[in-house]
Amino acid sequence: TKVSASRSSPHIYHRATLVNYSRNSNIRLTTTLLPAIAPGAVAEQTTFDGDESKLKKITILLVDDIAVIRRGLCALLRTDDHLKVIGQARNGRDAVEMAQALRPDVILMDIAMPVLNGLEATRQILTGNPKAKVLILSAHSDDAYIEGTTTVGAVGFIEKMTAPEMLTRAIHEVVKGRRFYSPAIAKRMTQ
């Protein structure tokens, strides 16, 4: 058993992590955040068994030219503790630069934007980083756009009118290496 502690903020919390090693190599991590003003009081506790990758949040770059859409998406994605928005771009050119600099797990991309559209931005992002996962989120869902997204290498297409839980599910699915399409789009693609 190994115990480590650190102070994450002088006025908010102390962080203590207990690591237990068992004989069969299973690792059990327990992290406890303790308020600095009341030592010993548990504010938050996270217990994790096994795979350390599950502790990492899925990082997301939002790309949409409409600020209120980006703000709403941020609020929605904050409801899932496993997701973290690390950047926002207002056009395709900014998206290409930010995707290269930030290397997010998922890029949530609109199609119709000024300066550089989402399809061309996706093509450029995937040319620079073939492992990037671009998930299209658009109000434009006609067949030409859907075909264009698959041609440039996007891993899925979600309509903006889709239920919020469908969007978070889509993000989790594409991180696992799967493709994801809104139900109406998936139905059209199989016909």
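Helix axes are lines fitted to C-alpha atoms over the stretch in contact, and angles run from 0 to 180 degrees between N-to-C directions. The model is predicted: local features need pLDDT of at least 70 and side-chain atom pairs count only at pLDDT 80 or more, while totals for chains, interfaces and linings use all residues. Residues are numbered from 1 along each chain as its sequence is written, and side-chain values use heavy atoms, with hydrogens and water left out.

**View 1. Packing of helix α1 with helix α5.** Helices (H or I, at least four residues) and strands (E, at least two) are DSSP runs, numbered from the N terminus. The axes of α1 (residues 67-78) and α5 (residues 164-175) lie 10 Å apart at an angle of about 75 degrees. The two helices are therefore roughly perpendicular, a class that spans 65 to 115 degrees. From α1, L73, L76 and L77 meet P164, L167, T168 and I171 of α5. The residues of this contact comprise six nonpolar, one polar and no charged. Here Ala, Val, Leu, Ile, Met, Phe, Trp, Tyr, Cys and Pro count as nonpolar, Asp, Glu, Lys and Arg as charged, and the others, Gly among them, as polar.

**View 2. The largest nonpolar core.** A nonpolar core is a set of buried Ala, Val, Leu, Ile, Met, Phe, Trp, Tyr and Cys residues joined through side-chain atoms within 4.5 Å; buried means under 20% relative accessible area (1.4 Å probe, protein chains only). Of its 24 residues, V63, I107, M109, I125, V134, I136 and F157 touch the most other members. Two or more residues each come from β5 (58-63), α2 (92-102), β7 (106-109), α3 (118-128), β8 (134-138) and α4 (143-152). The most, four residues, are given by α3. Another core, of 19 residues, lies apart from it and includes L62, L83, V106 and V174.

**View 3. The buried side of helix α3.** Buried residues of α3 are G118, L119, A121, T122, I125 and L126. They are on the same side of α3 because they cover an arc of only 160 degrees around the axis, taken from the directions from the helix axis to the C-beta atoms. These buried residues pack against α2, β7, β8 and α4.

**View 4. Surroundings of T59.** Strand β5 contains T59, which is buried at a relative accessible area of 15%. Leaving out residues up to four places away in sequence, T59 touches K84, I86, R103, P104, D105 and V106, contact being heavy atoms within 4.5 Å. The C-alpha atoms of T59 and I86 are separated by 6.1 Å, although these residues are 27 residues apart along the chain.

How values were computed: Buried < 20%, exposed > 50% of the residue type's maximum accessible area, 1.4 Å probe, protein only. Parallel < 35°, antiparallel > 145°, perpendicular 65-115°, else oblique.
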